[in-house]
Structure formats: structure tokens, C-alpha cells
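Welcome, and thanks for taking a look at this model. Below is a short tour of its overall build, its charge pairs and a few residues worth a click.

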Amino acid sequence: MKEFIINKNEAGQRFDKYLKKLLKEAPGSFLYKMLRKKNITLNGKKAEGKEILKEQDRVKLFLSDETFEKFHGNAAASVTRLSEDYPDYPLEIVYEDEDSLLINKPAGMLSQKAKPEDVSANEYVIGYLLRTGAITRESLKTFHPSVCNRLDRNTSGLLIAGKSLRGLQYWSEALKSRSLEKYYLALVEGSVAQNAHLKGYLLKDHGSNEVTIMESPIQDASYIETSYEVQENYGKATLLKVHLITGKTHQIRAHLASTGHPIIGDMKYGSRKSNELWRKEAAVKRQMLHAYELVTEEKKYFQAKIPEDMEQALNYAQNNPDNKY
């Protein structure tokens, strides 16, 4: 007999989902048969599998060691995989509590895997939590902390991860309901004199991973809203604080470009000639877009420091207002 006590990271999920993680090699038919025969119990009682687990619940498995090891998976191989899959990386921590972790993602890092062989912020976060003891290798068998929001690979800034199921549920609901306000800093081409609230429709081409902005709705297009406030007008460039009201693929980049003010360094939606000049004069190698601030419904504010390459671009814009970028 083996007994497991539900911890805070495992609480809140259905019992059968927990069992499918614990005995990941077992077919569902086997699990439900064991539940019916009371070979698997919850708090000493027969269970159906649809129960929602609570912290300190007790799960007992009346299985032979051979059966448990067969369906649980190879522990030695799992340990080896963990060290390879979750490498150590020096994350810049903006905020951390028992349920949440906010980091300042550097440009060039994927938020989540695009291909199975990728290593993303998701894996680095789990590596950090393992190293600091916030989670254990054993707990990963039944719960995986996860990044909740996405940033383009070459956009820097605030990335949210749920360390517990409670954290994942909180941030996922805040993002879904739009109660979480998301603000970005964008250095754009040209002189922007006034604040604006933009509305439109975004259509994504999945083949090219490029989007088009339109004023009127068409089939498969999503409604979008983006507003911004002018922070600093440098003459030939302007720093904007952008409020991402909806949250679609490349929304800020394409919406600003549609107004004639593309983000400097954006090779997909900006001017190639202008971007080449910025690369040559100010070493700009990616879009100057930074996820700067998050404001929760409870009015908690989180800010991520502007990265060095963006600071360098801002200094260049300030000191060269008349340059023909």
C-alpha cells in the first residue's frame, strides 16, 4: 500500500486527473476499475474520480510495488530528464510569493515552447523553482508550474508564472476577464503628438505568422483595442506607453504600424531601411517593445526594468532628435 497526502499545488484538481499524472502509464480503464474496487481510495472512502481534491486529502493505493512502478514510470530516467529539461538560468525576479512568480523576460527567450526540442521561460522557471526548493522533483509528477501569458520572442518584459494551481487559476482568470491591465513601452518611428485609443480588426495569416489590421470586420478577424499615451517626443521618434486592452498575436506591433508609426527595430511590420539605420547607429537588433507594467484588480502594481538595449536606443533618440532615421 502507498499513501499520498495532497499538497497545496495539487489541491483544486479532479481526483482522476491527479491519478492520471501519478500513474501516467496506466490506461484510464485501469484507474476507474481500481476506484470501483476500492483499490484506490480518497480519505479512506470509495471515490468516483470526479471529486475535487483539497489540501491534506489522503490518497491510498492498494497496489503491489511492481504494479505501481510499472504505471508510475521509471524514476531514475525521470531524474535524468529533469536535469536536462529544466536547466539553471539566472532569471530576473520581479515578484514572488507562494503562488506566483513574475520575471523580467529578456529579448530572445521564448515564453513557451514552439517545438518539442525548444527550451523556454517555462523550463527556466521550473528549473529555478527546483533549485530554490519551492517545488520538488516528486511534486512535478502531479503538478507543473507554468507561464500564464505570452510575449513575442524578441519582446522583453513581464512574464507571469503560476507556482501553484491556485496561482495558475488566479492569473488565468485575470487574463481571461481582462481585469489585469497590461502596459508596454514602445519606441516608435515619427513624431506622435497626441494620446489615442485605437479600435479595429485583426486577421492572422497562420502560414506567414503575420497579421493585418482592418477598420471593418471580416470573416475570421478579431476585434482589437489598443490605447497609448505619449511619454516623450524626440522629434523623429516617440516613446509611447501602450495599454494592451485586448490581447491578440502581434497586436501592438501591427496596430501601431497601421497608424504610420511602426515600432523601431520591428522587421516584420516596420521599415527595413529605417531599421537598418537604427541598427547601424544605435545597435538596435529587435523591436523596441517592453512589457513594462501590470496592474491587478486589487491595484497591485508590478514593473519590469527597461533592458539595456532599449535604454541605449532611447538615449540615442534623445541625443539625435534631428537625425533622419
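## Ground rules and overall build

Helices (H or I, at least four residues) and strands (E, at least two) are DSSP runs, numbered from the N terminus. This is a predicted model, in which local features need pLDDT of at least 70 and side-chain atom pairs count only at pLDDT 80 or more, while totals for chains, interfaces and linings use all residues. Residues are numbered from 1 along each chain as its sequence is written, and side-chain values use heavy atoms, with hydrogens and water left out.

The protein chain holds nine helices and 14 strands. Its C-alpha trace spans about 80 × 40 × 40 Å along the principal axes. Of the 325 residues in the chain, 46% are buried; here buried means under 20% relative accessible area, exposed means over 50%, and partly exposed is in between (1.4 Å probe, protein chains only).

Let us begin with T226, which sits in strand β11 (residues 222–233). With a relative accessible area of 0%, T226 is buried.

Which side chain does the side chain of S156 make a polar contact with? The partner is H290, at 2.8 Å. A polar contact is a pair of N or O atoms within 3.5 Å; within protein, one must be able to donate a hydrogen and the other to accept it, and residues adjacent in sequence count only if both atoms are side-chain atoms.

## Salt bridges

Side chains of opposite charge can pair when their charged atoms come close. A search of the whole structure turns up 16 salt bridges, each defined as a side-chain nitrogen of Lys or Arg within 4 Å of a carboxyl oxygen of Asp or Glu. One of them joins R131 to D88, with the closest N and O atoms 2.5 Å apart. R131 is in helix α5 (residues 121–132) and D88 in the loop between α4 (75–85) and β4 (93–96), so this pair ties together parts that are 43 residues apart in sequence. R131 is partly exposed, at 43% relative accessibility, whereas D88 is exposed, at 56%.

Another bridge connects E138 and K141, whose closest N and O atoms are 2.9 Å apart. Both ends are partly exposed: E138 has 43% relative accessibility, and K141 has a relative accessible area of 22%.

## A buried pair and a network

K33, R36, K37, K38 and K46 form a positive surface patch. Patches are made of residues with over 30% relative accessible area and no salt bridge, with like charges joined within 9 Å and nonpolar side chains (Val, Leu, Ile, Met, Phe, Trp, Tyr) within 5 Å. Lys and Arg count as positive and Asp and Glu as negative, while His and the chain ends are not counted.

K38, another member of the patch, lies in the loop between α2 and β2 (40–42). K38 is partly exposed at 43% relative accessibility, and has a positive phi of about 65 degrees although it is not a glycine. A283 has a positive phi too, of about 60 degrees, and is not a glycine either. A283 lies in the loop between α8 and β13 (289–295) and is partly exposed, at 36% relative accessibility.

Terms used: Accessible areas come from the Shrake-Rupley method with a 1.4 Å probe; for residues, only the protein chains shown count as cover. The place of a charge is taken as NZ of Lys, CZ of Arg, CG of Asp or CD of Glu.
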